[in-house]
Amino acid sequence: MNFNGPRQTLRIRRKHIWTDTKSALSEEGCIVNHGICVKFDGEEAVDSGGPLREYFELLWKMLQFNAFLFAGHENCRILTHNTYALNHNEFYFFGECIALSVMYGGSLPHFLSQAVLSYVLDETTMGEEIIY
């Protein structure tokens, strides 16, 4: 992707990846018109793509077993009916993370059921298999 202006740096603590992600996404003007890079707290790696891809893998791995947002079998998770999560924009932030991952070449959350992933990606052919 080609963006104008400086890239937004997401400062992420590995043990608090979801909290730090929500905090970064909550900042006004964050990410929308800029590219992003990731800096893991206490690490020296320069992000030329590797840390960003690792970030999405770690984020999905952490969220996979988040009973606050998802229910169901390990690799066929569906969204929960959780009004607290809805009222606190948890699902919205999750959707933003999927969009960012698609934009920056990261992986998709492999734990979602095929129907949920198709819906989130706005696939018109719900019955066809999506390779990700």
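The structure is a predicted model, in which local features need pLDDT of at least 70 and side-chain atom pairs count only at pLDDT 80 or more, while totals for chains, interfaces and linings use all residues. Residues are numbered from 1 along each chain as its sequence is written, and side-chain values use heavy atoms, with hydrogens and water left out.

**Figure 1. Overview of the protein chain.** The protein chain holds 5 helices and 4 strands, where helices (H or I, at least four residues) and strands (E, at least two) are DSSP runs numbered from the N terminus. Read from the N terminus, the order of elements is β-α-β-α-β-β-α-α-α. Of its 132 residues, 39% count as buried; buried means under 20% relative accessible area, exposed over 50%, and partly exposed in between (1.4 Å probe, protein chains only). The accessible surface comes to about 8200 Å², with 53% of it belonging to carbon and sulfur atoms; such areas come from the Shrake-Rupley method with a 1.4 Å probe, and for residues only the protein chains shown count as cover. Among contacts (heavy atoms within 4.5 Å) between residues at least 6 apart in sequence, 57% join residues at least 24 apart.

**Figure 2. Aromatic pairs.** Rings of Phe, Tyr and Trp (its six-membered ring) pair if their centres lie within 6.5 Å; planes under 30 degrees apart count as stacked, over 60 as edge-to-face and the rest as tilted. By this rule the count comes to 7 aromatic pairs. Trp60 and Phe94 form an edge-to-face pair, with 5.9 Å centre to centre and 80° between the planes. This pair links distant parts of the chain, as Trp60 belongs to helix H2 and Phe94 to helix H4, 34 residues apart. Both Trp60 and Phe94 are buried. The pair of Tyr92 and Phe93 is also edge-to-face, because the ring centres are 6.2 Å apart and the planes lie at 65°. Tyr92 is exposed, at 53% relative accessible area, whereas Phe93 is buried, at 9%.

**Figure 3. Salt bridges.** Side chains of opposite charge can pair when their charged atoms come close. A salt bridge is a side-chain nitrogen of Lys or Arg within 4 Å of a carboxyl oxygen of Asp or Glu, and a search of the whole structure finds 4 of them. Glu90 and Lys22 are both buried. Arg13 and Asp20 meet in another salt bridge (2.7 Å, N to O); Arg13 is partly exposed at 36% relative accessibility, while Asp20 is buried at 10%.

**Figure 4. Surroundings of Arg14.** The side chains of Glu54 and Arg14 form a salt bridge of 2.9 Å, N to O. Glu54 lies in helix H2 and Arg14 in the loop between E1 and H1, 40 residues apart, and the pair thus links distant parts of the chain. Both are partly exposed, with relative accessible areas of 33% for Glu54 and 36% for Arg14. Arg14, Glu43 and Glu54 are linked in a network of salt bridges. Arg14 also lies over the face of Phe40, at 4.0 Å from the ring centre. A charge sits over a ring if NZ of Lys or CZ of Arg is within 6 Å of the ring centre and within 35 degrees of the ring normal.

**Figure 5. Backbone at Asn89.** Most residues other than glycine have a negative phi. Asn89, although not a glycine, has a positive phi of about 60°. Asn89 is placed in the loop between helix H3 (83–87) and H4, and is partly exposed at 40% relative accessibility.
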